[in-house]
Amino acid sequence: MGIISSGFHGRRQSGNPALPPGQYETGSFPVLTAGPAPRIATDDWEFFITTEAGQRHAWSWAAFMALPQTDIETDIHCVTSWSKLGTSWRGVSLDSLFENVETSCRFTMAHSYGGYTTNVPIEDLLGGRAWVAWEFDGEPLERAHGGPARLLVPHLYFWKSAKWINGIELMREDVPGFWESNGYHLHGDPWREERYS
Amino acid sequence: MSTLWRVADVVSSTPETETARTIGLRVNGLNGNLAGQHIDIRLTADDGYSAVRSYSVARAGLDETLEITVDELANGEVSPYLVRELAVGDQLEIRGPVGGWFVWKPTDTNPVQLIAGGSGIVPLMSMIRAHHASENPAQFRLLYSLKSPESGFYREELQTLGRDSRKLTIDYVYTRKAPKDWPAAPQRLTAETLLANILLKDPAPDIFICGQTVFVETVGEWLVRAGYPAASIKTERFGGTGGTR
């Protein structure tokens with residue numbers, strides 16, 4: 001059992017069943033990144049998927065926008081303990097992007113403009129659980145939050161939802177990405193509190 | 001392992017400013033930590049309710065002790081208790097230290113530019129102390145942006161280090177109130193002032209920025225525009241969450 005701090009009373013919002021263990025709710029949308037935000041014009045933007053066979057699928061912004069668009073209402077959970085409930089996004093499901101991709105790989109590495117990487121098992125990307133999102137709360141995604149587009153994998157801690165997403169590389173083996181090489185968990189399920197390695 | 005909760009004894013408690021306090025902790029089995037890392041603190045109320053927040057470590061030890069400095073947030077859930085109530089002899093729980101990115105190691109050889117906004121000084125102070133305690137000859141420079149002289153943390157120590165150390169230079173920017181006889185009027189940090197008070201691009205410094213989100217975003221942007229490579233800039237943010245950090 002924990003140490004009791006008798007003078008500590010707290011706010012008691014963690015009774016909310018939407019909050020994973022150790023999380024508290026915030027109304028704001030904090031920005032957390034490892035370095036300065038890269039600047040990418042949609043004219044220069046591209047999203048790719050590369051396979052183990054060396055195939056490369058790529059979408060320009062226009063081609064990406066021509067894919068079926070989905071509205072997403074979801075909770076997001078940051079490893080630094082804040083959660084934001086009921087956020088709304090618009091984007092393209094990874095199921096659409098992977099429709100013509102042939103692979104037997106179980107793992108992926110998401111690559112961002114600016115060099116950020118994060119590893120995500122493919123099963124966490126498919127089945128209507130992950131998107132490439134370009135709109136937040138009805139507005140184009142701000143650069144500080146990953147605009148023009150970011151990965152959105154809301155059932156994992158939010159560092160997996162790579163900002164400034166550029167593409168996804170399929171991998172046979174699980175390889176740690178940026179934060180995963182710096183003390184954070186390989187998988188990052190907030191309901192299992194997979195925070196640190 | 002860093003994922004376990006461990007009991008920490010409060011062994012010291014020193015006010016830094018009117019709203020901030022440095023808290024010394026001793027943790028059985030703690031095996032030192034790197035300069036720039038943070039810990040999670042868990043407080044549990046007598047009915048079992050608990051809250052967790054992250055705090056940067058202010059002093060990177062080689063033993064079972066570490067220090068954090070906590071600035072009280074007006075509407076904070078955890079920080080008012082840590083600053084106003086917690087006393088020497090109390091216990092709390094910690095997890096960590098964690099983080100392998102926003103860290104400085106005595107084996108790093110590049111010159112280092114530190115840029116602190118307000119309480120963002122905490123992890124940078126850990127780097128300054130680790131650097132000072134080491135034989136590492138790399139040049140360190142700190143730019144400390146402050147509301148007023150009274151709001152500064154570690155004032156005497158920084159004054160002494162700034163005066164005596166041959167490998168550390170400290171520059172201050174005051175945004176609301178400057179000390180008596182200060183050559184510049186208080187003003188918000190500008191790109192021009194920033195660039196005039198940091199290491200040049202030329203020695204290719206490693207840059208660490210810590211402060212409020214807006215401060216970090218703005219300074220990072222100015223540096224990139226001025227030609228400092230984005231890959232050389234590491235950032236850590238406080239605040240904006242209703243909690244700390």
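In the predicted model, strands β3(B) and β4(B) are joined by seven bridges and run antiparallel to each other. Within this pair, B:Ile41 lies opposite B:Arg53 of β4(B). Both strands belong to a closed six-stranded barrel of chain B, in which the order is β1-β2-β5-β4-β3-β6 and the pairing is antiparallel. From one strand to the next, the twist averages 45 degrees.

Chain B as a whole contains five helices and 11 strands. Its C-alpha atoms occupy a box of roughly 55 × 40 × 30 Å along the principal axes. The radius of gyration of chain B is 18 Å, in agreement with the value near 18 Å for a compact globule of 245 residues. Of these 245 residues, 46% are classed as buried. Among contacts in chain B with a separation of 6 or more, 73% connect residues 24 or more positions apart.

Helix α5(B) comprises 13 residues. The distance from its first C-alpha to its last is 18 Å, close to the 18 Å expected at 1.5 Å a residue. The buried residues of α5(B) are B:Thr213, B:Phe215, B:Val216, B:Glu217, B:Val219, B:Gly220 and B:Leu223. In an α-helix, residues three or four places apart point the same way, because there are 3.6 residues a turn. The elements covering the buried residues of α5(B) include β7 (112–117), α4 (191–196), β10 (206–212) and β11 of chain B. After α5(B) comes B:Gly227, which has a positive phi near 100 degrees.

Contacts between the two chains involve 40 residues of chain B and 34 residues of chain A. On the side of chain B that touches chain A, at least two residues each are supplied by β3 (38–44), β4 (50–59), α1 (79–85), β6 (91–98), α5 (213–225) and β11 (233–238). By class, this side of chain B has 14 nonpolar, 15 polar and 11 charged residues.

Conventions. Residues numbered from 1 in each chain as written. Chains lettered and ligands numbered in written order. Predicted model: local features only at pLDDT ≥ 70, side-chain atom pairs only at ≥ 80, totals over all residues. Contact = placed C-beta atoms within 7 Å. Helix = DSSP H or I, 4+ residues; strand = E, 2+ residues; numbered from the N terminus. Nonpolar A, V, L, I, M, F, W, Y, C, P; charged D, E, K, R; others polar. Pairing = 2+ DSSP bridges. Axes fitted to C-alpha atoms, helices over the stretch in contact; angles between N-to-C directions. Rg over C-alpha atoms; globule rule 2.2 N^0.38 Å. Buried ≥ 20, exposed ≤ 12 C-beta atoms within 10 Å, placed from the backbone. Expected span 1.5 Å × (residues − 1).
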